[in-house]
Amino acid sequence: MRFLPQCLLTLALAFPSAETHPSSAHGLLPGSVYAGHYVCGSPAWLLLHIEAADAAAVDAIFHFVYPRSTLHGAFSMRGSFSSDLGRLLLLTPREWIHRPPGKVVPIGLAGLVSADGARIAGEVLHSGCGSFELNRTAIDGAPAAFRLGEAKVRLPEGASPAADGREELRTLIDVVDQLIRDVREAQPPRAEEARLPLGAEADEAAGHASAERRQLVQMLRRQQWDAAYSTWRQLPPAEQHAAMRAVVPALSRLDLHASARLQHDAIRALSVFGGQPLVCGAIASLRAADARLVAFAEGQLHLALNRSGLAEADRLLEGLDRQLAALATPAAGGRERAAVMATLARLEAVAPRWAHAAFRRGELLAAAGDHKGCVAQQRRALELNEHHLPAMLQLAICYKELNDVAQALSTFLQLRGLHPSMAGLKRFKQWISFAAEQQQKVKAKKRSSRVPP
């Protein structure tokens with residue numbers, strides 16, 4: 001699929017570096033703001049405002065904006081932090097503060113907090129979403145202006161505080177409202193009906209297919225991504241694979257140099273087909289000079305990996321995420337752990353060939369300190385889908401925790417060769433360089449010892 005190296009994207013939020021914060025048990029300080037991005041069907045910006053944080057609970061406000069559609073909103077969250085589970089932060093949604101129009105569902109977050117509390121990265125707790133990454137910012141109570149990605153944001157003068165007195169939330173809402181205006185002004189006018197040009201071959205391939213398959217092709221053309229996935233997962237397995245064989249070659253014939261939007265839409269169309277090895281391999285192999293495009297594709301890969309193609313498995317995964325949130329609360333015990341393991345076992349039984357189920361079990365084992373078990377599960381995930389990059393990353397980390405430097409380095413280098421810009425690799429860059437240097441020294445020493453007398 002030669003077109004694929006041309007199509008990839010990222011949403012990067014560039015804020016000034018945060019000031020040094022006093023230490024706390026988890027580094028999450030009341031009043032601090034984290035900025036970043038996530039993917040739920042399409043990329044979105046996220047501002048997470050920590051309202052309260054102690055050893056028992058964390059209260060936060062989740063403020064989001066979808067830059068393409070300018071849809072934005074805010075809701076409160078409550079959750080917990082667990083150092084026993086690898087500095088895991090779990091947040092579940094509560095009440096809407098600013099509810100946008102349409103059928104928008106609040107979502108939860110499960111992520112790991114860095115040792116200094118400056119970074120949070122993990123998964124969005126919804127089957128239709130992927131990963132998120134946040135960095136603490138230096139926004140104060142009333143900045144006059146700052147830069148958010150490509151947009152320089154100026155706050156409106158004389159903005160009134162929020163009715164409930166949350167000054168920081170008032171600032172965030174002002175920022176997002178200004179950002180929306182900037183984005184709307186910068187966007188080129190859209191055609192009356194944007195369509196993905198799949199070509200006549202997709203119609204011919206679907207011509208003798210079921211009505212559902214023909215409907216799927218039309219949904220892809222109309223860029224109805226979520227509806228297309230819902231239709232695809234209702235098809236029998238043979239029909240699912242036939243639909244992929246019809247659409248993927250059609251995507252490969254598109255002139256993706258025509259526009260950035262066409263590149264993005266082609267990646268979204270691929271992610272409709274869920275965690276299939278063919279699709280994941282196509283997305284994971286994407287490389288481009290545009291770092292934003294690369295990161296967008298990585299987000300769509302996470303979205304695809306979270307899609308099993310089975311309604312029951314997707315439902316079980318959503319239930320598992322809710323149970324994990326309950327397990328992280330201070331009152332959780334054996335009953336909650338048993339519920340998690342029972343749901344995971346059911347998920348594996350319903351979708352035995354789904355690599356993401358093995359990956360999730362491996363994550364749980366790693367969080368519990370069972371790195372040998374993690375290695376076994378992530379190897380299983382990669383046997384099912386060799387393009388499951390998060391499983392490859394977790395495998396390398398577990399090898400590292402087991403002090404198996406050779407296997408860890410080999411896996412990290414393999415991952416870097418497949419997807420050198422993967423976000424999760426960044427924090428191991430120094431370790432990889434040091435381990436590679438030490439390995440070279442050992443090899444050089446062995447060669448020198450073989451010199452004949």
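Which residue forms a salt bridge with Lys441? In this predicted model, the partner of Lys441 is Glu437, with the closest N and O atoms 3.6 Å apart. Both residues belong to helix α15, which spans residues 429-449, and a separation of four residues places them about one turn of the helix apart. Lys441 is partly exposed, at 49% relative accessibility, and Glu437 is likewise partly exposed, at 43%.

Helix α9 contains both Arg315 and Glu312, three residues apart, or about one turn of the helix. The relative accessible area of Arg315 is 49%, so this residue counts as partly exposed; Glu312, with 32%, is also partly exposed.

Helix α9 additionally contributes Asp314. A salt bridge connects the side chains of Asp314 and Arg233, at 2.6 Å from N to O. This pair links distant parts of the chain, since Asp314 lies in helix α9 (residues 311-327) and Arg233 in helix α4 (residues 225-233), 81 residues apart. The two partners fall into separate accessibility classes: Asp314 is buried because its relative accessibility of 1% is under 20%, whereas Arg233, at 25%, is partly exposed. In total, the structure holds twelve salt bridges, among them the Asp314 to Arg233 contact.

Terms used: Residues numbered from 1 in each chain as written. Predicted model: local features only at pLDDT ≥ 70, side-chain atom pairs only at ≥ 80, totals over all residues. Heavy atoms only, no water. Salt bridge = Lys/Arg side-chain N within 4 Å of Asp/Glu carboxyl O. Helix = DSSP H or I, 4+ residues; strand = E, 2+ residues; numbered from the N terminus. Buried < 20%, exposed > 50% of the residue type's maximum accessible area, 1.4 Å probe, protein only.
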